[in-house]
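Subject: Structure for your review

Dear colleague,

I am passing on the structure we spoke about, with the sequence alongside it. Could you please look through it with the notes below at hand?

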Amino acid sequence: MKLSSSPYCRQSLCPILAALSFLGLLPVYKASYHEYGEALSKCILFFEGQRSGFLPQDQRMSWRGHSGLGDGWMVKTDLTGGYYDAGDNVKFGFPMAFTTTMLAWSVVEFGGYMPPAELRNALVAIKWSTDYLLKTVSQPNRIFVQVGDPILDHNCWERPEDMDTARTVYTVDAPNPASDVAAETAAALAASSIAFRSSDSGYADKLLGTATRVFDFADTYRGAYSDNANIRDGVCPFYCDFDGYQDELLWGAAWLRRASQGDSYLSYIQNNGKTLGADDNINEFGWDNKHAGLNVLVSKEVLEGSTYSLQSYKASADSFMCTLIPESSYSHIEYTPGGLIYKPGGSNLQHATTIAFLLLVYANYLEKSSQTVNCGSVSASPAMLRAIAKRQVDYILGDNPKGMSYMVGYSYVFPQRIHHRGSSLPSVKDHPQFIACTEGSIYFNSSSPNPNVLVGAVVGGPGEDDAYEDDRVAFRQSEPTTYINAPFVGALAYFVANPS
């Protein structure tokens with residue numbers, strides 16, 4: 001059954017559907033009407049379910065409790081707070097920083113489209129992370145990149161409130177490098193400073209000042225954090241830097257340029273583009289590869305400010321957009337039969353949400369400058385880019401061959417057995433007794449739905465054939481992550497204001 005679907009094409013939606021049909025992206029489904037405002041609210045609420053630390057009185061995900069209250073004691077530093085990245089109880093700094101950057105970018109670009117209450121909730125979600133990130137870089141020439149031993153953690157099926165595995169703190173001290181995590185942290189703090197500028201200028205100044213210092217650390221001691229022998233076994237293979245640290249340096253500098261308007265950062269991205277590989281892997285964007293996002297971000301100065309010295313970044317952004325258009329001769333992105341962007345490797349919806357976000361951001365930049373993208377035989381207009389983005393968003397919300405929403409708690413048909421410890425185990429409110437490491441196995445292996453609904457969580461999603469297995473064991477499909485949800489916040493915000 002398709003939820004929130006209508007047997008007819010609502011007049012306001014018909015042009016979008018026609019455009020999608022022209023692009024060959026839309027299989028024969030009935031037109032659907034989605035409550036984008038509801039989806040946005042739930043997408044932001046999800047982050048409360050991922051919180052680590054001492055929870056506030058206004059915590060809305062009420063089945064969660066305090067956790068990780070001793071984090072950092074091993075290094076005599078307060079490292080409480082932040083987010084668990086996915087269905088485990090580890091705080092991985094690299095994806096957390098990227099999540100924060102994307103939440104902040106969502107507010108920077110689309111915060112004006114959000115209802116006031118949701119804008120406030122989005123800022124709260126950002127601050128929960130930035131407060132933690134500030135702690136990780138509170139000491140000069142040192143960055144705490146992770147809390148929690150992932151091997152021990154992953155061998156347990158345990159609530160975060162009960163976890164008794166080692167809360168190992170993984171630290172990088174100069175002159176050892178952590179350019180990737182440090183530069184992504186700088187990007188997160190700089191982007192967040194823009195998000196907070198109008199509501200809390202003092203906090204924004206603190207974020208920007210810290211971002212400047214952390215970027216200097218990243219740039220001075222160049223190298224990948226996962227190349228450090230003392231932490232490699234803790235961060236790999238989970239969040240190794242597979243694609244190099246150079247893209248993060250450009251990404252961090254680009255955000256510092258955006259936040260500060262400093263000429264030194266403009267010079268940095270102008271002068272270091274070639275040497276740091278700005279033209280490499282331009283069709284990727286995610287927690288490990290920032291190229292496509294970097295090119296879109298920097299293109300704003302070209303499109304709106306005529307900064308022609310950055311033209312190569314815009315050319316790469318244009319090229320990326322053309323790869324997404326099936327009718328273009330430059331197309332090489334794979335789509336499932338149901339119309340979902342597909343890339344191999346698991347957790348596929350991380351690609352759908354980040355790419356949808358970039359499409360909408362670039363469409364806005366193009367529209368403000370009255371431009372289109374030349375894709376050979378096709379001229380890609382802002383409307384065309386938005387149509388592709390809308391197809392991805394609607395697919396996630398239920399317009400797909402299974403008629404299932406891949407956002408937990410949205411519509412009546414959604415994943416019930418997500419790969420998530422806190423969601424699948426009895427809550428501390430209902431079962432206050434301690435559940436030890438291996439005692440949780442019976443809940444992991446149970447075929448029953450999770451007792452605690454992690455509202456708003458977007459799971460890894462279906463594979464290349466649109467098939468989805470609602471099974472905790474199938475973690476590549478059933479596990480949610482913060483970096484799937486974060487860009488989806490921005491995409492949903494756009495469609496709240498522009499549903500058709």
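This is a predicted model: local features need pLDDT of at least 70, side-chain atom pairs count only at pLDDT 80 or more; totals for chains, interfaces and linings use all residues.

To begin with the chain as a whole, it contains 18 helices and 7 strands. The radius of gyration is 22 Å, close to the 23 Å that the globule rule gives for 500 residues, so the chain is as compact as a globular protein of that length. Along the principal axes, the C-alpha trace spans about 60 × 55 × 40 Å. Of the 500 residues, 64% are buried, and among the contacts with a separation of 6 or more, 74% are between residues 24 or more positions apart.

As for the surface, the chain exposes about 17,700 Å², of which carbon and sulfur atoms supply 52%. The side chains include 37 positive and 52 negative ones, and the centres of these two sets lie 5 Å apart.

Turning to the strands, three of them form an open sheet in the order 1-2-3, with antiparallel pairing. Strand 1 (91-92) and strand 3 stand at the edges and have a single partner strand each, so one side of each is left without a neighbour in the sheet. Strand 2 (residues 142-147) pairs with strand 3 in the antiparallel sense over 5 bridges; among the facing residues, arginine 142 has aspartate 173 of strand 3 as its bridge partner, while glutamine 146 stands opposite tyrosine 170 in strand 3.

Is strand 3 (residues 169-173) largely enclosed by the rest of the structure or left open? Buried means under 20% relative accessible area, and 4 of the 5 residues of strand 3 are buried, so this strand is largely enclosed by the rest of the structure.

Most peptide bonds are trans, and most residues other than glycine have a negative phi. Against that background, the peptide bond that joins alanine 174 and proline 175 is cis, with omega at about 10°, and proline 175 has its place in the loop between strand 3 and helix 6 (179-196). A cis peptide bond also runs from cysteine 236 to proline 237, where omega is near 5°; proline 237 lies in the loop between helix 8 (229-235) and helix 9 (246-260).

As for positive phi values, lysine 76, which is not a glycine, has a phi near 55° and is found in the loop between helix 2 (36-49) and strand 1. The relative accessibility of lysine 76 is 81%, and the cut-off for exposed is over 50%, so lysine 76 counts as exposed. Aspartate 466, likewise not a glycine, has a positive phi of about 70° and is found in the loop between helix 16 (441-444) and helix 17 (475-478). Aspartate 466 is buried, because its relative accessible area is 5%.

With kind regards

Methods:
Residues are numbered from 1 along each chain as its sequence is written. Side-chain values use heavy atoms; hydrogens and water are left out. Helices (H or I, at least four residues) and strands (E, at least two) are DSSP runs, numbered from the N terminus. The radius of gyration is taken over C-alpha atoms; the globule rule is 2.2 Å times the number of residues to the power 0.38. Buried means under 20% relative accessible area, exposed over 50%, partly exposed in between (1.4 Å probe, protein chains only). Contact means heavy atoms within 4.5 Å. Accessible areas come from the Shrake-Rupley method with a 1.4 Å probe; for residues, only the protein chains shown count as cover. Lys and Arg count as positive and Asp and Glu as negative; His and the chain ends are not counted. The place of a charge is taken as NZ of Lys, CZ of Arg, CG of Asp or CD of Glu. Two strands pair if DSSP finds at least two bridges between them.
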